[in-house]
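Welcome! Take a look at the view below, and then we will go through it topic by topic.

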Amino acid sequence: MSAEVHTVAVIGAGKIGELVLSGLLRSGWPADRLLATARRPARAEELAARYGVRVVDNLTAVDEAEVLAVAVKPQDAAALLDEIGPKVPAGKLLVSLCAGLPSSFFSRRLPEGTPVVRVMTNTPALVDQAMTAISAGAHATGEHLALAEEMFKPLGATIRVPETQQDAVTALSGSGPAYFYLLVEAMTDAGILLGLPRQVAHDLIVQTAIGSAVMLRDSGEHPVKLREAVTSPAGTTISAIRELENHGVRAALLAALEAARDRARELATQAE
Ligand SMILES: NC(=O)c1ccc[n+]([C@@H]2O[C@H](COP(=O)([O-])OP(=O)(O)OC[C@H]3O[C@@H](n4cnc5c(N)ncnc54)[C@H](OP(=O)(O)O)[C@@H]3O)[C@@H](O)[C@H]2O)c1
């Protein structure tokens, strides 16, 4: 962490905001350099009790924090910006975690010159295995991107992408954990169909997922090579793969990610 620790306010600390808050605390970010805001008083009390951070109203957060990490749902962003936008003092950095919303959505509602960084993270942040993509919006300098990286690095991996790629990132890694969970759920059912007890099927597939993920990350091999190593001529795996191809799994993934990307675009239109 840099010598100067910035005060970060998580504005709208729901599921994703809480992941950021807890991740920053795990990484050693001092609790007195963190603020959170919530809409419901019960949620505010819960966050204060769980993390020992100050939960304040939005305008206090805007006033006191140097970095405003906005984690409300896209459809709540316009109302939030109506409230805080005109009150954001010069020199603050706004980091948006909102799916779909372009940085220009925020810039238009903020004082001229306010830097905006757009970020897409994902829920494995809970176990410090997030994938976070970071993009410069208007007025964001290398220093602002570095600060966003400093915030998200402790939560997992980070990558810089042009903002034009963020809806694709949202479809791929933002929503990505859900696709893997669906796959694991379906494969567990398949194990049960073949006569395995549920817990055994679950344990087999979870460890297989972990092992495959580590191989993908650490072996340096292309996924095709890794798959070929499990696919012997006239063997069991190729019989399964024929069925996956017959059922259009590859085509389904292409269509699914396009649908997620389109939905991200739609959210932006609706948020206006
Ligand atoms: N969930 C994911 O996997 C994921 C992944 C990547 C990015 N994101 C993005 O992260 C953002 C948050 O998603 P989420 O799943 O964390 O939603 P969430 O759990 O509903 O969190 C949003 C929070 O913002 C609060 N809020 C709304 N308006 C507010 C306001 N004006 N002032 C203060 N607090 C306010 C809500 O309060 P109430 O609870 O009282 O309504 C809620 O606690 C979204 O923009 C989403 O696109 C989500």
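## A first tour

Let us begin with Gln165, which is found in the loop between strand E8 (156-160) and helix H7 (166-174). Please keep in mind that this is a predicted model.

**The loop with Thr231**

- Another loop, between helix H10 (223-228) and helix H11 (236-246), is where you will find Thr231.
- Is Thr231 buried or exposed? Thr231 is buried, because its relative accessible area is 18% and the cut-off for buried is under 20%.
- The side chain of Thr231 reaches back to the backbone oxygen of Arg227, at 2.6 Å.
- Leaving aside residues up to four places away in sequence, Thr231 touches Thr237, Ile238 and Ile241.

**The ligand and its surroundings**

- The ligand sits in the second largest pocket.
- Helix H1 (15-26) and helix H4 (74-84) are the elements that give two or more residues to the shell around the ligand.
- There are 21 residues around the ligand, and those that come nearest are Ile16, Arg39, Arg40, Val72 and Ala99.
- Ile16 takes part through its backbone, where an N or O atom lies 2.7 Å from an oxygen atom of the ligand.
- Arg39 uses its side chain instead: an N or O atom there is 2.7 Å from an oxygen atom of the ligand.
- In the side chain of Lys73, an N or O atom is 3.2 Å from an oxygen atom of the ligand.
- How much of the ligand does the protein cover? On its own the ligand has 890 Å² of accessible area, and the protein covers 84% of that.

**Helix H4**

- H4 gives the largest share of the shell around the ligand, with 3 residues.
- Which residues of H4 are buried? They are Pro74, Ala77, Ala78, Leu80, Leu81 and Ile84.
- Among the elements that cover the buried residues of H4 are strand E1 (8-11), helix H3 (58-64), strand E4 (67-70), helix H5 (103-107) and helix H12 (249-271).

Notes
Residues numbered from 1 in each chain as written. Predicted model: local features only at pLDDT ≥ 70, side-chain atom pairs only at ≥ 80, totals over all residues. Heavy atoms only, no water. Helix = DSSP H or I, 4+ residues; strand = E, 2+ residues; numbered from the N terminus. Buried < 20%, exposed > 50% of the residue type's maximum accessible area, 1.4 Å probe, protein only. Polar contact = N/O pair within 3.5 Å; in protein donor to acceptor, adjacent residues only side chain to side chain. Contact = heavy atoms within 4.5 Å. Near = heavy atom within 4 Å. Areas by Shrake-Rupley, 256 points an atom, 1.4 Å probe, with all protein chains shown as cover. 1 Å grid on protein atoms, 1.4 Å probe; cavity = no way out; pocket = protein on both sides within 12 Å on 5 of 7 lines; lining within 4 Å. Sits in = over half its atoms within 2 Å of the grid points.
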